[in-house]
Amino acid sequence: MKPPPFAYSVPATVAEAVELLAAHAEVEPRVLAGGQSLIPLMNFRLAQPGHLVDLRNIAELSAIRLDGNALVIGAMTRQSEVEHSPEVALAAPLLAEAIGLAAHPPIRNLGTVGGNIAHADPAAELPAAVLALDGELVAVGPDGTRTIAAADFLRGPFSTALAADELLTEIRLPRRDLVGVRSGYAFVEFSRVFGNFAIVGVAALVELDGDRIRRAALALTGVAPTAVRAHAAERVLTGAAPDPAAVAAAAEAAVAGTSPSGDVHASATTRTVLARTYVRRALDLAISRARDER
Ligand SMILES: Cc1cc2nc3c(=O)[nH]c(=O)nc-3n(C[C@H](O)[C@H](O)[C@H](O)COP(=O)(O)OP(=O)(O)OC[C@H]3O[C@@H](n4cnc5c(N)ncnc54)[C@H](O)[C@@H]3O)c2cc1C
């Protein structure tokens, strides 16, 4: 199956890419990153952009760096590079774990972190990880640069805060001061086949201070039109002992705050049951890691 005809540009700078999107606005141009979602959509005629602006030659978009208290990942950085990056392993191992569950290595070798987040598939792992990590997305358009909190970036299934003439350029993940704190993370999911999109996925971060949970962050996929934070569950955990009772109460709070829809993959009830189970699993693993048990 072949896509409908389109024009194609390969700009060398972000400014040039933004200009191209504006110049060809009448044919609904699209940015091309790894092409792992966009090209199939075009082949099935679910997207018919008249012009593709391929970001592959914009070197500044493919880098992982530290900037003060933030880990900064260029939007065009390939998922496999982020998955295996020593900087990411230290500063945001949750993201690396989430990427390891997304699709398969050949797809991750081409697919980019920015493309996955900009695509905003409600079942995708990366948006949930970035949400749990309090990440920010940097967008550049004709009016300049703006920084958008992950919670404001995700608007709905396949819908984000990006305007049609804007590029996602960076993902910024704040590095927390964890001196003297034991911290753990986990991304767990249920999917019918390993590497397939998750039916339900859970990102968890836990910080322990003595015998109490100092802070917890939880984000879920598959229970709402976008990845969502489970703030009620986080409140249940904060200040509690990291024990089975707190984990069970947090799982109840997490599902009480969602009303998933059923679809061909799973009914609403199945998603609710899975969410409760996988929140518990994620928290158990994150707490064990914080205690250095696993
Ligand atoms: C068989 C298969 C299985 C998969 N399984 C999973 C899975 O389990 N979990 C998962 O999360 N994903 C999965 N994916 C999707 C994969 O992760 C894609 O790589 C990703 O969704 C899109 O990244 P990309 O770089 O290929 O973007 P593209 O396909 O090039 O672009 C996707 C969309 O984002 C836009 N876009 C891309 N980059 C930017 C940018 N910098 N600024 C603005 N807009 C941009 C494009 O215009 C397009 O609309 C799967 C894909 C395949 C083919």
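Which helices and strands each supply at least two residues of the shell around the ligand? Here are some friendly notes to read beside the model.

1. **Ground rules.** This is a predicted model: local features need pLDDT of at least 70, side-chain atom pairs count only at pLDDT 80 or more, and totals for chains, interfaces and linings use all residues. Residues are numbered from 1 along each chain as its sequence is written.

2. **The ligand shell.** To take up the opening question, β2 (30-32), α7 (113-119), α8 and β10 each supply at least two residues of this shell. Helices here are DSSP runs of H or I with at least four residues, strands are runs of E with at least two, and both are numbered from the N terminus. The ligand is surrounded by 30 residues, and the closest are Gly34, Gln36, Gly111, Gly115 and Ala124; a residue is near if its C-beta atom, placed from the backbone, lies within 6 Å. Helix α7 gives the largest share, 5 residues.

3. **The five-stranded sheet.** Strands pair through backbone hydrogen bonds, either parallel or antiparallel. An open sheet of 5 strands runs in the order β4-β5-β10-β6-β7, with antiparallel pairing; two strands pair if DSSP finds at least two bridges between them. β4 (64-67) and β7 (144-149) stand at the edges with a single partner strand each, so one side of each has no neighbour in the sheet. Inside this sheet, β6 (residues 136-141) and β10 (residues 167-174) share 5 bridges, and Val138 stands opposite Glu170 in β10.

4. **The four-stranded sheet.** Another open sheet has 4 antiparallel strands in the order β11-β12-β13-β14. Its edges are β11 (182-190) and β14 (228-229), each with a single partner strand, so one side of each is left without a neighbour in the sheet. β11 and β12 (residues 200-209) pair over 9 bridges, with Ala204 in β12 as the bridge partner of Ala186.

5. **Two packed helices.** Helix α5 (residues 93-100) and helix α8 (residues 125-132) pack at about 170°, their axes 9 Å apart. Axes are lines fitted to C-alpha atoms, for helices over the stretch in contact, and angles run from 0 to 180 degrees between N-to-C directions. That makes α5 roughly antiparallel to α8, a label for angles over 145 degrees. Leu94, Leu95, Ala98 and Ile99 of α5 meet Glu125, Leu126, Ala128, Ala129 and Ala132 of α8; contact requires C-beta atoms, placed from the backbone, within 7 Å.

Conventions. Angles under 35 degrees count as roughly parallel, over 145 as roughly antiparallel, 65 to 115 as roughly perpendicular and the rest as oblique. Two residues are in contact if their C-beta atoms, placed from the backbone, lie within 7 Å.
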